[in-house]
Amino acid sequence: MNNTPDNLKDLAIEIREAFYTVSPFIEKHTAIVCPECKNLCCKDKHGRHDQDDIKFLTAINEAIPPDQSERDESGPCRYINVKGCSIERYLRPFRCTHFFCDPLLHSLENDNAKLYRAFVEYLQHLISIRQKLLDY
Ligand code: SF4
Ligand code: SF4
C-alpha cells in the first residue's frame, strides 16, 4: 500500500461513506430496542476515541475531541443526550458501530432477510476498509 497522506485521506473518505451506508439500518433498530433498555451501554469509557479514531478524524479534517480523561469512565457518555447519541455515527469511536448487544442483534436479524443480508455485506466492507486504516 502507498502510504501517502492523499491515499489515507481517500481511504478515510471511503470509510465515512461506508458509515453513511450502514447507519440508517442500525439507527432503525436502536430506535426500537434502546428506549426500552435497562442496561444502557453508553458509558463514558466507550465514548473515548482511540488513536485510530483520531487518525481517521484527522484525515477527513474533523476536529479532534478534547481530552476529558478526568470524567468518570463509568458515568454517562459525554455524547449522550435525551435523544440518544448526539453525534453522527462516523464521528463516534469505531467501537460504537462494532458493538451489537443481544437485543439489538436480534432486532437486526429479524428485519427483512434481503435488507439484513445487504446490511451485513456493507458492514463487512466497512470493517475491512477500517482495518486498512490501521496500516497507516
Ligand atoms: S445498544 Fe443495546 S445495550 Fe446499548 S442501549 Fe441499546 S439496547 Fe441497550
Ligand atoms: S459516542 Fe454515542 S454511541 Fe458511542 S458511547 Fe457515546 S453516546 Fe453511545
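Reader: How many of the residues in the lining of the largest pocket are nonpolar, how many polar and how many charged?

Author: In this predicted model, the lining of the largest pocket has 21 nonpolar residues, together with seven polar and seven charged ones. The lining is made up of 35 residues, and those nearest the centre of the pocket are Thr30, Cys34, Leu40, Cys41 and Cys42. The elements giving two or more residues to this lining are helix H1 (5-33), strand E1 (80-81), strand E2 (84-85), helix H3 (95-98) and helix H4 (102-109), and H1 supplies the largest share, five residues.

Reader: What makes a residue of the shell around ligand 1 count as nonpolar or polar?

Author: The residues around ligand 1 are Val33, Cys34, Cys37, Asn39, Leu40, Cys41 and Cys101.

Reader: Which residue around ligand 2 is charged, and why is it called so?

Author: Ligand 2, which also sits in the largest pocket, is surrounded by Cys42, His46, Cys77, Tyr79, Ile80, Cys85, Arg92, Pro93 and Cys96. Because Arg counts as charged and His as polar, Arg92 is the charged residue and His46 the polar one, and the shell has seven nonpolar residues besides.

Reader: What is the mean pLDDT of the protein chain?

Author: The mean is 93, and 96% of the residues reach 70 or more, although over residues 1-5 the pLDDT is below 50. Where pLDDT is low, the predicted coordinates should not be read in detail.

Terms used
Residues are numbered from 1 along each chain as its sequence is written. Chains are lettered from A and ligands numbered from 1 in the order in which they are written. This is a predicted model: local features need pLDDT of at least 70, side-chain atom pairs count only at pLDDT 80 or more; totals for chains, interfaces and linings use all residues. Side-chain values use heavy atoms; hydrogens and water are left out. A residue is near a molecule or strand if one of its heavy atoms lies within 4 Å of it. pLDDT is the predictor's confidence in each residue, from 0 to 100. Contact means heavy atoms within 4.5 Å. On a 1 Å grid over the protein atoms alone, a cavity is a set of points where a 1.4 Å probe fits but cannot get out, and a pocket is an open set with protein on both sides within 12 Å along at least five of seven lines; lining residues have an atom within 4 Å of a point. Helices (H or I, at least four residues) and strands (E, at least two) are DSSP runs, numbered from the N terminus. A molecule sits in a cavity or pocket if more than half of its atoms lie within 2 Å of its grid points.
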